[in-house]
Amino acid sequence: MAKRAKDDMSRAILGACDKLKAKEKPIPLLEQIMKTYLTDDLMDAFNIKEKKRNYLKKLLAVEAKETGNKESKKSVVPLGPTIPVLNIAHNIMRENAEKCPTDHMDRFFEQDVRNMIQGKHLEKKYPKIIDSMIVEIREIFIDMTHNAGVNLKVKQPYAFVTRFRPEPYKYMGKTGRYDIFLKHREELKSKWVLYYPLIKKIQQECVDRLPQKILDISGFHYPGLFELSELAVKFNDLALTAEMILIRLRDKVVSLIDKDKTKVQKQHIKHYYEAITTLQAIHVSSCIIRTLEYIIEVSGSRRRVPFLVLTIHFEGALVLRPSSAETSFIYRNFMNQLVEIGSNFQTIEKRGKKIVEKNIHLNVTRDYFEEAAARMKLNIKSLYEPVINYVQKLDDLFRDIYRDIDREGTVSVEQPEMTFEIGCNLIRHYENYFVKASKLQCGENFAIGQLVLSEYVKTLRESLSMVIEDIFLKLCNIHLNENDNICAAFEEVRRKALKKPVTTEELIEQGKYMIEVKTVILNDLKERIQTLLSSLTKMIDYGTLSKDHMALNAKAVQWLVDIEDVLEQNSAMYEGIKYEAEEKVHRSIAEIKKRNADLIPKLIILNEMDNIKNSRQYIMQMAPIMEELREIKTKIIWTNREEACLGFALSEYPEYGALLAFIHPFYHLVKLCLNLIRKTTVWLDGQFEFLNYEETEMFIEDYNKEFLKTFKLYKTKIRQAHQEKSPLTFMGISDDVDSSNWPSPLKLCNQATQLIKKFRPAMTMMRIMCNDALLKRHWKGIYR
C-alpha cells in the first residue's frame, strides 16, 4: 500500500511539472538567434571571414526588410501596465512532497531506544511511563524523518540557507531549575550541623541503646503451646517492653540536651534541634523497620514461629481455628503497635528560652507497612498449607455426610421423599461413618502448631448419633402415619358402609363402593398391614418403640376382624332401601300419566282466545297451564334419573310431548301479539324522543314475516290434525271464506297482519318526523 501511494504521488508531481513546461516559451530558432545576437564582436570571436560576414549582413538586411513590412501591416497595441504572473511551481512541489507517506519506526530501532533509556530495572517497575515515552519517540521519529525527506528533496521557501537541521534534545543538561539547585546547595552549607558534640553524643546513644531488633519472639516455638488469645497477650507484653526501651532512650536524650552548653553559630541555631530530632527519627525508624523485618522472617521460619493450638470444628462444614487470616491479623496488629510506638516517640527542642515537646517523624510509610504485612501474611499462609491439606483429607473422608448434617445434628438436606427403605439405608450409611470417626487420632503436630482433633471427633460422633436418631424418629413417624392411614381407611369404609343413602344416586354409589371395598380395598389394606408388621421387626433392631406405637399397631391389625360386621350391616341396609326406591318410581310414572290426561280437557279455553286486543288476558289465563307443564317436566326428569340409577329402562311419555307441541307454539303466538300491540301503542301515543324509524321499520318487517309464517304453519297443522282426528286441535274451519269461522291461531295471525297494515301510513309520517335534516326553524313552521 505504501509503495502504491508513493507511485501515485510521483505521477502527480511529474504531471504538474509537464503543465509548467507547457506554459514556458519555446526554444528560439537559429534565424531568430542571428537576428537578435549576431554582432561584429560575436563574428570576431568566432573568426568569421569577410565574405561570410557580408553574406550574413545581406541576409540580415533582407530579413529585417521583410520583418519591417510584416510589422507595419499589424495594428499597434496600445501600451499599458503588464500583470506579472507568479510562478507557484515550487510551492506545488512542496505541498505534494508534504503529502508523501513516511515509514514508521521499526522494532529494532525501538529496542535500541528501550536499551538506551533503561535504568536499574525501572522499566519493569514503571511500564506505563516507558510505554508513554516510546509513543512520544515514535511520533518524533515520524516527524523528523518526514521533515528531513521533504527539505532535502525540495528547497525550503523563504530562502533558508540550511536545508534541514534536527531540533535539539527536549531536556538540556542545565534546566531552568539550575538557579534553584544553586540555592539549595548554599542552603545545605548553612544547615550542616552534624559536627557538633551534642549531636555526636546523641548519635552514639542511639547506636548503643537501640538493639538490632527491639524484641525476640523465637522463644515462643515448640514445646510451648499458645492459644491465639494468649499469643496476642504475649505480643502486647513485648510491645510494652519495646516502648520502655524507647522511653529510656528519650530520657537519656532529654538529659543530654539539658546538660548541653555548646555555643551554636547563629546561622545554625534554627536547624540545630531539628537535626537532633531528625537523627532520632532515623535511628528509631531503622530499629522499627529491622524489627518488622525480623517478625516477617520469624513468621516464615518453621523452627522459630510461635507454636499455636489449632482446632477444627464442624459447623455444617470443617472450620479451622484459628485460621490463617486470624493469625495474620494478630501479627499485623502487633506490627501496627510497634509502628504506633515509634510514631509516638517524643523528643524536645529549644526555641529560644522555651522547651517544646515534639513527636518524631517515623520513616515507615503506609506503602512499606502494607507490603511488609503482605509478606508476613504470605509466610503465615505457607505454614498453614500442610494443616489445610490435612484438613482437606479429612474433608474428603467425610465429605458425603457434611451436606447432610449441621451443628445441631439434624438432617439439613431434606430427602425428596423419605420412605421406610430409604431411612433404613441411611441409618446403615451413617453408622459406617460413625465407625470411621471413632478411629481418628486426637492430635497432629505441624510447624505452625498442634492440630487438636478431639473436639472435632466428639462433635462428629455426636452429630452422627443425632442424625441416626433423627432418621429413626422419622421412621417411627412413617410407621405411625401408615398405622393411622390404615385405621383411617377402615374408619372411612365403616362410615360410608353404615351411612344411610338419601337419594337413589347415593344408594347406587354406595353399592359400587362396597363392591370395590370387597374386591380391591380390603386386599390392599391386608397387604399394607403385612408390610407394616415386617417394618416393625426392622425398627426393633434400630431402637425402642413407645407403648402408644405398639398399641396403634395392634389396633390396625384388629380392624381385619371388625370390618366383617360392618359389611354384613351394609348388605341388609342396601337391600331395604333399594326396594323402597323402586316402589317410589312406579308411583311417579302413574302420577305423570294421570296429570297428562287431566290437562287435556283444560285446553278447550284456547279456542276462545281469538281477539288480539285481549292478548294480555290470554297470557294470564295460560299461566296455570304453563306451570303445570313445567311441573310435569320436572317429574319426568326425576323419574328418568331414578330409573337410570336403578338400571331400569327409561319410560317414555308421548302424551306430554303432544301437549308441549300443542300449547307452547300458541303461547308464543299470543306473546308476539301482545308485544306488537305494546310497541304500536308506544309509537302512536308515546313520546317523540323515543321514535327511531330504522328500528321501527325493521321490527314491523320481522313481525309481519313471523305472523305470515305462523299463519301458514298453523293452517297446515290444523288440517292434518282434523284428518287424523287428534283430540289436541283447535275448533274451526281453516279453509272457510269467512274469517270468523277460522280457528283461534289463524284469527290472531290475521288480526296481527291487519294491525301492521293499518300502522304502515304512520311509518311514513315517522320517517318524515325523524329526519335529521329538520332544524328548529322547520319545527317552528310546523307549529304555526
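**View 1. The second largest pocket of the predicted model.** The second largest pocket has a volume of about 320 Å³, taken as the space filled by probe spheres set on grid points that are joined across faces, edges and corners. A pocket here is an open set of points on a 1 Å grid over the protein atoms alone, where a 1.4 Å probe fits, with protein on both sides within 12 Å along at least five of seven lines. This is a predicted model in which local features need pLDDT of at least 70 and side-chain atom pairs count only at pLDDT 80 or more, while totals for chains, interfaces and linings use all residues. Residues are numbered from 1 along each chain as its sequence is written, and side-chain values use heavy atoms, without hydrogens and water.

**View 2. Lining of the second largest pocket.** Of the 14 lining residues, Ala661, Phe662, Lys717, Ala721 and Leu728 lie nearest the centre; a lining residue has an atom within 4 Å of a point. Two or more residues each come from α20 (654–685) and α21 (693–724), and α21 gives the most, with six. Helices are DSSP runs (H or I, at least four residues) numbered from the N terminus.

**View 3. Packing of helices α11 and α13.** Helix α11 (residues 228–259) packs against helix α13 (residues 324–343) at an angle of about 15 degrees, with axes 10 Å apart. The two helices are therefore roughly parallel, a term for angles under 35 degrees. Residues of α11 including Leu228, Phe235 and Leu246 meet residues of α13, among them Ile330, Phe334 and Ile341; contact means heavy atoms within 4.5 Å.

Key: Axes are lines fitted to C-alpha atoms, for helices over the stretch in contact, and angles run from 0 to 180 degrees between N-to-C directions. Angles under 35 degrees count as roughly parallel, over 145 as roughly antiparallel, 65 to 115 as roughly perpendicular and the rest as oblique.
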